[in-house]
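I opened this structure for a reader new to it. My notes follow in the order of looking.

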Amino acid sequence: MSVTLRSQLLTVQIDPLGAQLTSIRTCTGVELLWQADPAVWGRHAPLLFPIIGRLRDGRYTVDGREYAISQHGFARDSVFSVVRQSETAVTFQLEESGDTLVKYPFSFRLQVTYALEGGTLTKSHTVLNCSAETMYYEVGGHDGFLLALLPGERQEDYFIQFPGQNAILPMGMDERNFLTESSRPFPLEGDRLPMPLSVFGLDTVVLKDLPVRQVTLASHRNPIRLTLVFDDFDYLGLWTKPVTPSAPYVCIEPWSTLPECAFTDSALEHKPGIRALAPGQGETLTYRTVIEGI
């Protein structure tokens, strides 16, 4: 059963299947989250763990031993237990099982906490290494936000704002869709990247080394501004499924680690940004979604 959180400004729903956000609705009834149209993209905001993206032949190695795992890992398709809940916060938990150990050779505890205060939704990912050896992992968001909130609006009314920047430097991709080093700078309109991405012939933008780990999704035609603040995450992805006509959403994705890169091997421990935890060690990575103009 879905968990509902409420503040005076927002109502948020989360599904224990994948600990996935399924709705962010304002007090005036405006839905902000993509509603998982199965004809386009049948997810809302999947949790990426213990890997991000797809791998060469769906395989990776740890200490020279090979494992097979599906794109974005298994957390998004796993049922989490609820370990704490109140009107404004909930914590979901996932631990290893016989099935996960075949795909990912570590004992772990993953807790995902959503906390709602006013117009701010904070999502915290706490990972604990319960293994006897160093554990490597990746974690990220994949939150899909609507680009046409009100009647009569178009995707072209929206933009993503990068504070203090007049250009971004997206990473390149090879013919296999594996990342290459950064390509040429991509100029912004002021500090804004117009939507949809398909206007530029793009469906994916991957960024690293952002001077400010914050972006804002906004419109020329309504006052609602949605800002993601992701200080704990080194990388950012923007994505919309490539369909015609373009789908009215954009995923804004804070990532701890880069997806598969053409310039690295298949060893998990060699991936750029990989997180490493000693036995018994844990850490928490957090990002916030701040909604204004409601």
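I began with Leu5, which stands opposite Val12 in E2. I note that this is a predicted model, in which local features need pLDDT of at least 70 and side-chain atom pairs count only at pLDDT 80 or more, while totals for chains, interfaces and linings use all residues. Residues are numbered from 1 along each chain as its sequence is written, and side-chain values use heavy atoms, with hydrogens and water left out.

**Sheet.** I looked up how E1 and strand E2 (residues 10-15) are joined, and found 4 bridges in an antiparallel run. Strands (E, at least two residues) are DSSP runs numbered from the N terminus, and two strands pair if DSSP finds at least two bridges between them. The open sheet has 3 strands in the order E1-E2-E3, with antiparallel pairing. Strand E1 (3-6) and strand E3 (20-26) are the edge strands, each pairing on one side only. From one strand to the next, the twist averages 15°; axes are lines fitted to C-alpha atoms, and angles run from 0 to 180 degrees between N-to-C directions.

**Leu226.** I placed Leu226 in strand E20 (residues 225-229). Is Leu226 buried or exposed? Leu226 counts as buried because its relative accessibility is 5%; buried means under 20% relative accessible area, exposed over 50%, partly exposed in between (1.4 Å probe, protein chains only). Leaving aside neighbours within four places in sequence, Leu226 has contacts (heavy atoms within 4.5 Å) that include Leu32, Phe145, Val215 and Ile291. Leu226 and Val215 are 11 residues apart in sequence and 8.4 Å apart in space, C-alpha to C-alpha.

**Lys271.** I found Lys271 in the loop between strand E22 (249-255) and strand E23 (275-277). Lys271 is buried, at a relative accessible area of 5%. With neighbours within four places in sequence left aside, Lys271 is in contact with residues including Ile52, Leu55, Glu138 and Glu260.

**Pockets.** I then read the pockets: on a 1 Å grid over the protein atoms alone, a pocket is an open set of points where a 1.4 Å probe fits, with protein on both sides within 12 Å along at least five of seven lines, and lining residues have an atom within 4 Å of a point. The largest pocket is lined by 27 residues, with Arg54, Gln71, His72, Thr204 and Trp239 nearest its centre. Strand E18 (204-208), strand E21 (235-239) and E22 each supply at least two residues of that lining. For the second largest pocket I noted 14 lining residues, of which Pro170, Met171, Ser183, Leu202 and Thr204 lie nearest its centre. Strand E14 (171-173) and E18 give two or more residues to the lining of the second largest pocket.
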